[in-house]
Amino acid sequence: MQCFIKRNKKNSTFYLYLGLTNATVDKGKFLMAARRFRRGPHTEYIVSLDADDLSQGSNAYMGKLRSDFWGTNFKIYDSKPPYDGAKASSSRSSRRFGSRRISPQVSAGNYEVGQVSYKYNLLKSRGPRRMCCALECPSTQETWENCLKTKFRKPTGNTVLRNKAPRWHEHLQCWCLNFHGRVTVASVKNFQLVAAADPNDPASSKDEETVLLQFGKVDDNIFTMDYRQPLSAFQAFAISLSSFGTKLACE
């Protein structure tokens, strides 16, 4: 699925569109939006299906991305349980939100469905930053009834993703990844994620070359975001938003 994100720096809002043509960026079909909020030492990105109502009290609320104090670890929360029997987060913000039920359609809590982590860079050394994701994803045998958010009845364990290591280009004197024309501007935010190899499954090493999510810059405030199964658009969007919120990760 080829998508793109438009960023509005003035109001810290991000808009996700589905590309409708083979062009890098076109008019697109709006999918969802997110707005960045400061919550004390933390940063939260509230994701909604309604670009004009980006609040947890909205019926269009999908979930959120929340950073730690350092801005190197993020948790992804879904507004609805990802599978039967899932337990809602017991964080203070979730309890506060759940204490004032705005409508029957709004979930009483946020359900953790993934984590994104970046390697610490306390010495500010230059170089490609490293990231790792652990997500609740359906098995590849399951079909999607909703491409925006996947719901499955039973937990299937975490799907672990890692960033594809770039290669040093001697002529250009920089780290490079092949985005096949979908990314045109060099940026520390650019990344590609592949499935991490399972040491107990030799066949899993073959999947390390299949890019499941790639994100990169094409203009000052425009970024492409391409993803494939087993990720949903919500998960891919949340992971991409973390790239805007990192502080101490390697650059």
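Me: Buried means under 20% relative accessible area, exposed means over 50%, and partly exposed lies in between. With that in hand, is K164 buried, exposed or partly exposed?

Reply: K164 has a relative accessibility of 24%, so it counts as partly exposed. Keep in mind that this is a predicted model.

Me: Thanks! What does the side chain of K164 meet in a salt bridge?

Reply: The partner is E209, at 3.4 Å from N to O. The two sit in distant parts of the chain, 45 residues apart: K164 is in the loop between β9 and β10, and E209 is in the loop between β12 and β13. E209 is exposed, because its relative accessible area is 57%.

Me: How many salt bridges turn up in the whole structure?

Reply: Searching the whole structure gives six. One of them joins R66 and E44, with the closest N and O atoms 2.6 Å apart. R66 belongs to strand β5 and E44 to strand β4, so this pair ties together parts that are 22 residues apart in sequence.

Me: Are those two buried or partly exposed?

Reply: One of each. E44 is buried, at 1% relative accessibility, while R66 is partly exposed at 22%.

Me: Which residues are linked with E44 and R66 in a network of salt bridges?

Reply: R39 and K64 join E44 and R66 in that network.

Me: And what does K75 pair with?

Reply: K75 forms a salt bridge with E112, at 3.9 Å from N to O. K75 lies in strand β6 and E112 in strand β7, so the pair connects parts that are 37 residues apart in sequence. K75 is partly exposed at 36%, and E112 is partly exposed too, at 34%.

Me: Switching to strands: how does β3 run relative to β4, and how many bridges join them?

Reply: They run antiparallel, joined by seven bridges. R39, the residue from the salt-bridge network, has H42 in β4 as its bridge partner. Two residues lie between the strands of this hairpin, and G40 takes a positive phi near 65 degrees there.

Me: What about β2 and β3?

Reply: Also antiparallel, with six bridges between them. L16, for example, has M32 in β3 as its bridge partner.

Me: Last topic, helix α2. What span should its 13 residues give, and what do the end C-alpha atoms say?

Reply: At 1.5 Å a residue, residues 233-245 should span 18 Å, and the end C-alpha atoms are 19 Å apart, which agrees.

Me: How many of the α2 residues are buried?

Reply: 13 of 13, so the helix is mostly covered.

How values were computed
Residues are numbered from 1 along each chain as its sequence is written. This is a predicted model: local features need pLDDT of at least 70, side-chain atom pairs count only at pLDDT 80 or more; totals for chains, interfaces and linings use all residues. Side-chain values use heavy atoms; hydrogens and water are left out. Helices (H or I, at least four residues) and strands (E, at least two) are DSSP runs, numbered from the N terminus. The expected span of a helix is 1.5 Å times one less than its number of residues. Buried means under 20% relative accessible area, exposed over 50%, partly exposed in between (1.4 Å probe, protein chains only). Two strands pair if DSSP finds at least two bridges between them. A salt bridge is a side-chain nitrogen of Lys or Arg within 4 Å of a carboxyl oxygen of Asp or Glu.
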